[in-house]
Amino acid sequence: MKKPENFSDFFALSMTKFFRLIADTFFAKRYGHRAVVLETIAGVPGMVAGMLIHLRSLRKMQTGYGPQIREMLAEAENERMHLMFFIEIAKPNAFERLLVITAQGVFMTFYSFMYIFFPMTSHRMIGYFEDEAVKSYTEYLELVESGSVMNINAPKIAIEYYGLSNKAKLSDLIRCVREDEMHHSDVNHSYADELDSTSKANQSSELKISTENNKKVA
Ligand SMILES: [Fe+2]
Ligand SMILES: [Fe+2]
């Protein structure tokens, strides 16, 4: 896991720990239900970031944003597919459905504002969320492999999506999903790193300009 280096990283990590605590309190070891509910949230950030970057490109009338827009929208679509796989495995109860509706409203609003004002912290936070998702799927996989959770057949929709064999099991599906989450983590941490270096470069060039101006005045 990437070590936090500044206030923004520490904030992103504390938010992640806070959300992890809520998830642990609600779901404990019910990983199927946990996956269903959390994947409904996981599909939000990519769509928000993709839309806001798209709007920035329109406002600035500039090219160069395409790869990031497509990456973010692909992440949202990939998370939506994770939801479609796990909904075949665990059926949410009425309380969980209510939780999903409330959480979508709250998280969508929170993340949209956060991304507008603090995009670097937002990507860092999602990077840390994804690291937690990798841990949760690893724990889920351990339960399936140890026999504590039945290793049922993987759903057809997942077999088609990942091109798995017809005999694929839940454990194979969890490995594929975990690999996707690792990719989301790498992507979001790398976007946060890029924004961090851009802001540092801007700060040092501003400092250089103001030092030169001071010299001229003196
Ligand atoms: Fe996911
Ligand atoms: Fe993810």
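**Iron site and helix packing**

Glu-79 is buried, its relative accessible area being 0%, where buried means under 20% relative accessible area, exposed over 50% and partly exposed in between, with a 1.4 Å probe and protein chains only. The model is predicted, so that local features need pLDDT of at least 70 and side-chain atom pairs count only at pLDDT 80 or more, whereas totals for chains, interfaces and linings use all residues. Residues are numbered from 1 along each chain as its sequence is written, chains are lettered from A and ligands numbered from 1 in the order in which they are written, and side-chain values use heavy atoms, with hydrogens and water left out.

The iron ion (ligand 2) is coordinated at 1.9 to 2.6 Å by Glu-79 (OE), Glu-130 (OE), Glu-130 (OE), Glu-181 (OE) and His-184 (ND1); donors are N, O and S atoms within 2.8 Å of the metal (3.2 Å for Na, K and Ca), and water is not among the atoms, so sites may look incomplete. Glu-79 bridges this ion and the iron ion (ligand 1), the two lying 3.8 Å apart. Because Glu-79 lies in helix α3 (residues 66–86) and Glu-130 in helix α5, the pair ties together parts that are 51 residues apart in sequence. Glu-130 is also buried, with a relative accessible area of 5%.

Helix α5 (residues 119–145) packs with helix α1 (residues 7–27) at an angle of about 40°, their axes being 8 Å apart. This makes α1 oblique to α5, since angles under 35 degrees count as roughly parallel, over 145 as roughly antiparallel, 65 to 115 as roughly perpendicular and the rest as oblique.

Definitions and conventions:
Axes are lines fitted to C-alpha atoms, for helices over the stretch in contact, and angles run from 0 to 180 degrees between N-to-C directions. Helices (H or I, at least four residues) and strands (E, at least two) are DSSP runs, numbered from the N terminus.
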